[in-house]
Amino acid sequence: MTSSPVSTATTLLLARHGQTVWHAENRYAGVSDIALTDTGRAQAEALGRWAGAHPVDAVWTSPLARAVRTAEPACRTLGLRPRVDPDLRECDFGVVEGRPLTEFAAEDPEGAAAFLADPVAHPFPGAEDPAAAAQRGAAALRSIAAAHPGGRVLVVAHNTLLRLVLCTLLSIPARDYRRVFPRLRNAAVTELRLTDGSVGLISLNVPCEEGGR
């Protein structure tokens with residue numbers, strides 16, 4: 001009797017970067033390289049301590065500085081070098097880059113209403129196609145999982161990209177990403193389990209330290 005091959009599960013630990021200087025004003029930070037605040041740096045250190053207390057075999061990050069900086073404490077704790085994938089970058093938000101949604105709504109109420117009704121069918125003018133961003137991000141995570149079969153991998157990326165990717169991997173309509181995943185907390189951990197092409201959500205938005213936000 002021939003035994004069936006054992007499936008190998010890879011765990012991806014997804015973390016949004018720490019707080020940036022644009023958070024207080026709720027400005028969209030897409031492709032812009034925005035610095036972390038003191039709070040953001042503290043969140044990154046908390047993520048590093050969390051990574052040191054949990055098995056992590058590799059660290060991957062978006063190329064944007066706020067994600068790289070957030071990954072640094074974990075890499076330092078684990079003695080690992082961060083591996084950068086440009087496909088983990090945040091979406092380009094076009095005309096609202098660096099601006100709050102309220103400002104855009106004041107000048108283009110119909111455009112803002114269309115975005116809120118279906119942000120994938122009606123992205124901001126000049127923005128990256130959200131459906132394309134979801135596909136590149138999902139492909140990046142599948143590639144990372146394939147590179148670390150059976151491993152546990154910390155992936156530091158961005159709020160909108162990760163929400164789109166979660167919808168794609170979990171077979172949720174991408175247009176619902178804002179409703180189903182209203183916000184990923186800065187430097188909190190979302191755990192996915194990938195096995196033979198299937199994806200399971202193990203936990204969502206778990207803070208690295210008690211009282212994390």
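Predicted model: local features only at pLDDT ≥ 70, side-chain atom pairs only at ≥ 80, totals over all residues.
1. Largest pocket. By class, the lining holds eight nonpolar, 10 polar and eight charged residues.

2. Elements around the largest pocket. At least two lining residues come from each of helix H1 (38-53), helix H6 (159-169) and helix H7 (177-180). The most is given by H6, which contributes three residues to this lining.

3. Burial of helix H6. H6 is largely enclosed by the rest of the structure, because 10 of its 11 residues are buried. These buried residues are Asn 159, Thr 160, Leu 161, Leu 162, Arg 163, Leu 164, Val 165, Leu 166, Cys 167 and Leu 169. They pack against strands S1 (9-16), S4 (152-157), S5 (189-195) and S6 (198-206), and also against helices H5 and H7. Just after H6, the backbone at Ser 171 adopts a positive phi of about 60°.

4. Cavities. The model has two cavities of 30 Å³ or more. The largest cavity has a volume of about 90 Å³. Of the 14 residues lining the largest cavity, Phe 93, Phe 115, Pro 130, Thr 160 and Tyr 177 are the closest to its centre. The lining of the largest cavity divides into 11 nonpolar residues, one polar and two charged.

5. Second largest cavity. The second largest cavity contains about 40 Å³ of space. Its lining is formed by Leu 14, Arg 16, Leu 162, Leu 166, Leu 184, Arg 185, Ala 188, Thr 190 and Asn 205. S1 and H6 are the elements that give two or more residues to this lining. The class division is five nonpolar, two polar and two charged residues.

6. An unreviewed UniProt entry carries the annotation "binding site" at Arg 66. Arg 66 is placed in helix H2 (residues 65-78). Is Arg 66 buried or exposed? Arg 66 counts as buried because its relative accessibility, 1%, falls under the 20% cut-off. A polar atom of the Arg 66 side chain lies 2.9 Å from the backbone oxygen of Ala 29. Beyond four places in sequence, Arg 66 touches His 17, Thr 20, Ala 29, Gly 30, Ser 32, Asp 33, Ile 34, Leu 36, Glu 90 and His 158.

7. Arg 136. A further buried arginine, Arg 136, is found in helix H5 (residues 130-147), with a relative accessible area of 10%. The side chain of Arg 136 reaches the backbone oxygen of Asp 87 at 2.8 Å. Leaving out residues up to four places away in sequence, Arg 136 touches Pro 86, Asp 87, Leu 88, Arg 89, Glu 90, Cys 91, Glu 128 and Leu 161. Glu 90 is therefore touched by Arg 136 and by Arg 66, given contact as heavy atoms within 4.5 Å.

8. Ser 203. Strand S6 includes Ser 203. Apart from neighbours within four places in sequence, Ser 203 is in contact with Val 189, Thr 190 and Glu 191. The C-alpha atom of Ser 203 is separated by 25 Å from that of Pro 119, and the two residues are 84 residues apart along the chain.

Definitions and conventions:
Residues numbered from 1 in each chain as written. Heavy atoms only, no water. Helix = DSSP H or I, 4+ residues; strand = E, 2+ residues; numbered from the N terminus. Nonpolar A, V, L, I, M, F, W, Y, C, P; charged D, E, K, R; others polar. Buried < 20%, exposed > 50% of the residue type's maximum accessible area, 1.4 Å probe, protein only. Polar contact = N/O pair within 3.5 Å; in protein donor to acceptor, adjacent residues only side chain to side chain. UniProt positions renumbered as here; feature names shortened; annotations may be inferred. 1 Å grid on protein atoms, 1.4 Å probe; cavity = no way out; pocket = protein on both sides within 12 Å on 5 of 7 lines; lining within 4 Å. Points joined across faces, edges and corners; volume = space filled by probe spheres on them.
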